[in-house]
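I open these notes with a plain plan. I will look up how one chain is built, and then how it meets its partner.

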Amino acid sequence: MILGLLFSIIAGSLVSLQNIFNSKVNERAGSWATTTLVLGLGFLASLSIGLIFEGKQLFDLQNMKTWYWFSGLIGVGVVTSIVQGMRLLGPTYTISIVMTSQLGFALLGDSLGLLGLTQVPFTSKQLIGVLVIVSGILVFKLGGANVKHGAAKMIS
Amino acid sequence: MKGILFAFLGGAFITLQGVANTRISQDIGTWQAATITQLTGFIMALVILIFVRDRKWKRFKQVKPLYLAGGAFAAIVIFSNVTAIQRIGVTFTVSAMLIAQLVLTYIIDSNGWFGTIKQKIKLPQFIGIGLMIAGVVILRF
């Protein structure tokens with residue numbers, strides 16, 4: 001469990017840094033140029049690290065299914081939705097809703113065993129846990145007026 | 001209303017992305033999954049960029065190189081995200097990620113790092129993080 005938690009914290013911290021950096025690019029270059037750059041660099045980094053750890057095996061794609069080729073489009077959906085949300089609602093409300101929705105769908109995914117995930121039975125304890133986390137997000141994002149500037153607005 | 005729908009979809013897509021990456025990793029490996037999904041995403045974004053004829057990309061030059069390199073983090077984000085989901089499930093992973101994200105962002109904000117406007121951390125933010133951690137504890141124990 002500790003290792004899983006540690007990886008989650010690494011991922012969350014890097015997402016936070018990435019959001020700040022990306023939004024600096026976004027201010028100048030616009031959202032599609034930023035997305036293209038971010039995904040391009042992510043691809044190059046994954047390719048390089050993959051080659052270091054796995055060598056030629058990186059290109060061994062025997063169990064590849066057709067839909068895997070299209071899953072990258074989900075990322076394009078993420079950007080489009082959040083950019084539109086930001087435009088219509090502003091960052092504070094958008095991010096509050098995005099995070100709540102992320103958690104809600106996580107709970108749904110675990111409960112259904114979505115896409116072959118290990119199914120985690122849905123219990124009232126889980127529902128209460130998620131509701132408490134969501135209330136935390138809302139207090140954090142909507143409590144106090146100092147979230148309008150700075151990095152906090154860029155979290156996604 | 002439309003804005004709420006977009007934000008809601010955005011969150012759904014982020015979670016779906018993690019779950020899909022985990023599924024694909026099972027079959028072809030995590031680095032393979034990260035490489036392929038970002039390559040196809042990149043191609044799609046490039047096509048859209050050309051289609052919308054946004055000439056602003058030329059302003060990349062005005063951005064500090066460090067900030068331009070942020071995209072490279074995604075390799076480690078995807079690897080960590082997939083590994084965490086495999087070990088502790090989606091709900092726990094997303095919860096811990098969100099807490100780490102909010103905490104680090106506020107540390108950065110309160111110090112004014114990376115050119116952010118320095119600001120004081122107020123009580124609601126402390127209470128919010130406290131509630132989120134309490135929620136994770138309820139979720140797990």
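**Entry 1: the two parts of chain B**

I note at the start that this is a predicted model. I began with the distance between the two domains of chain B: their centres, taken over C-alpha atoms, are separated by 22 Å. I then looked up the bounds, and domain 1 of chain B covers 1–88 while domain 2 of chain B covers 89–141.

**Entry 2: where the two domains of chain B touch**

I looked up the contact between them and found nine residues of domain 1 of chain B meeting eight residues of domain 2 of chain B. The area buried between these two domains is about 710 Å², and carbon and sulfur atoms account for 67% of it. Which residues of domain 1 of chain B lose the most area to domain 2 of chain B? I wrote down Tyr67(B), Ile85(B) and Ile88(B), which together make up 62% of what the domain 1 side buries.

Polar contacts do occur here: I noted four residue pairs, with both residues at pLDDT 80 or more. On the domain 1 side, the elements giving two or more residues are α1 (2–28), α3 (65–68) and α4 (73–88) of chain B. Of the elements on that side, α4(B) gives the most, with five residues. By class, I listed the domain 1 side as six nonpolar, two polar and one charged residues.

**Entry 3: chain B as a whole**

I looked up the secondary structure and recorded six helices and zero strands for chain B. Read from the N terminus, the order of elements is α-α-α-α-α-α. For overall extent, I took the box along the principal axes, and the C-alpha atoms of chain B fill roughly 45 × 45 × 35 Å. The radius of gyration of chain B is 18 Å, whereas a compact globule of 141 residues would have one near 14 Å.

**Entry 4: chain B against chain A**

How many residues does each chain bring to the contact? I found 106 residues from chain B and 104 residues from chain A. Between them the two chains bury about 9400 Å², with 76% of that area on carbon and sulfur atoms.

I then searched this interface for salt bridges, and the rule finds one. Its partners are Lys65(A) and Asp27(B), whose side chains meet at 2.8 Å, N to O.

At least two residues each come from α1, α2 (30–52), α3, α4, α5 (90–111) and α6 (123–140) of chain B. The largest share belongs to α1(B), which supplies 23 residues. Sorted by class, the chain B side holds 64 nonpolar, 31 polar and eleven charged residues.

**Entry 5: a look at chain A**

Chain A has domain 1 at 1–58 and domain 2 at 61–156. I noted that the C-alpha centres of these two domains of chain A lie 17 Å apart.

Conventions: Residues numbered from 1 in each chain as written. Chains lettered and ligands numbered in written order. Predicted model: local features only at pLDDT ≥ 70, side-chain atom pairs only at ≥ 80, totals over all residues. Heavy atoms only, no water. Domains from an automatic or database assignment. Contact = heavy atoms within 4.5 Å. Buried area = accessible area lost by both parts, 1.4 Å probe. Polar contact = N/O pair within 3.5 Å; in protein donor to acceptor, adjacent residues only side chain to side chain. Helix = DSSP H or I, 4+ residues; strand = E, 2+ residues; numbered from the N terminus. Nonpolar A, V, L, I, M, F, W, Y, C, P; charged D, E, K, R; others polar. Rg over C-alpha atoms; globule rule 2.2 N^0.38 Å. Salt bridge = Lys/Arg side-chain N within 4 Å of Asp/Glu carboxyl O.
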